[in-house]
Amino acid sequence: MEPLREPPVRGVEQHNGAVVVRLGGELDLYNAEDIRHALSGAIDGGAVRIVVDMSDVDFVDSTALGVLIEARSKLGYDGVLLAGPQLETRRTLEVSGLDRHLPVHDSVDSALASSGS
């Protein structure tokens, strides 16, 4: 029996009009719906900018990346910002080309400080 995995959504916080969604662990087909629910909840709650904290993410697959793109399609290019992806996650974003479609910042603070377009 496989050990239970921690939920991917580690927290959702408001920061000066933006919503920070903290993700962690492995983001994949099996928990993509949890991520979708958190992002949709923020959007439905009126968020115009979402910072996705990826500093504790170990792995991300195409299904989870698709969920991020769905949120971006609802909020526009500067509506969803990725923060703090580690080397493997950053490489996945680069190989998939998503780093050209989702702004990537080194930290949550730098994402929050960015003015958008």
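1. Let's begin at the hairpin. Strand S1 (residues 9-15) and S2 are joined by six bridges and run antiparallel. Val 9 has Leu 23 as its bridge partner in S2. Two residues lie between the strands of this hairpin, and Asn 16 takes a positive phi there, near 45°. Please keep in mind throughout that this is a predicted model.

2. Next, the parallel pairings. S3 and S4 run parallel and are joined by four bridges, with Val 51 standing opposite Leu 81 in S4. To get from S3 to S4 the chain passes through helix H2 (residues 62-75), and this β-α-β crossover is right-handed. S4 also pairs with strand S5 (residues 104-105), in the parallel sense and over two bridges. Here Leu 82 has Val 104 in S5 as its bridge partner. The path from S4 to S5 goes through H3, and this β-α-β crossover is right-handed.

3. Strand S4 (residues 80-83) is worth a look from both sides. Val 80 and Leu 82 point one way, Leu 81 and Ala 83 point the other way, and all are buried.

4. Which residues have the most contacts inside the largest nonpolar core? They are Leu 27, Leu 39, Ile 50, Val 52, Leu 68 and Leu 82, in a core of 26 residues. At least two residues of this core come from each of S2, helix H1 (32-44), S3, H2 and S4. H1 gives the most, with six residues. As a general point, nonpolar side chains tend to be buried together in soluble globular proteins.

5. Leaving aside neighbours within four places in sequence, Leu 82 is in contact with Val 52, Met 54, Leu 68, Leu 93, Leu 102, Pro 103, Val 104 and His 105.

6. Now the charged side chains. The count of salt bridges comes to seven. One of them pairs Arg 22 with Glu 13, the closest N and O atoms being 3.1 Å apart. Arg 22 is partly exposed, at 24% relative accessibility, and Glu 13 is partly exposed too, with a relative accessible area of 31%.

7. Arg 22 also forms a salt bridge with Asp 53, where the closest N and O atoms are 2.5 Å apart. This pair links distant parts of the chain, with Asp 53 in strand S3 (residues 49-60) and Arg 22 in strand S2 (residues 18-27), 31 residues apart. Is Asp 53 buried or exposed? Asp 53 counts as buried because its relative accessibility is 8%, which is under the 20% cut-off.

8. A further salt bridge joins Glu 88 to Arg 91, with the closest N and O atoms 3.2 Å apart. The two residues are three apart in helix H3 (residues 87-96), so about one helical turn separates them. Glu 88 is partly exposed, with a relative accessible area of 47%, and Arg 91 is partly exposed at 47% relative accessibility. Elsewhere, salt bridges that share partners join Glu 13, Arg 22 and Asp 53 into one network.

9. Finally, please look at Asp 61. Where is Asp 61 placed? Asp 61 sits in the loop between S3 and H2. With a relative accessible area of 17%, Asp 61 is buried. A polar atom of the Asp 61 side chain lies 3.0 Å from the backbone nitrogen of Ala 64. Not counting residues up to four places away in sequence, Asp 61 touches Leu 27, Asp 28 and Leu 29. Of these, Leu 27 is among the residues with the most contacts inside the largest nonpolar core.

Key:
Residues are numbered from 1 along each chain as its sequence is written. This is a predicted model: local features need pLDDT of at least 70, side-chain atom pairs count only at pLDDT 80 or more; totals for chains, interfaces and linings use all residues. Side-chain values use heavy atoms; hydrogens and water are left out. A salt bridge is a side-chain nitrogen of Lys or Arg within 4 Å of a carboxyl oxygen of Asp or Glu. Buried means under 20% relative accessible area, exposed over 50%, partly exposed in between (1.4 Å probe, protein chains only). Two strands pair if DSSP finds at least two bridges between them. A crossover is right-handed if, with the strands pointing away from the viewer, the path from the first strand over the helix to the second runs clockwise. A polar contact is a pair of N or O atoms within 3.5 Å; within protein, one must be able to donate a hydrogen and the other to accept it, and residues adjacent in sequence count only if both atoms are side-chain atoms. Contact means heavy atoms within 4.5 Å. A nonpolar core is a set of buried Ala, Val, Leu, Ile, Met, Phe, Trp, Tyr and Cys residues joined through side-chain atoms within 4.5 Å.
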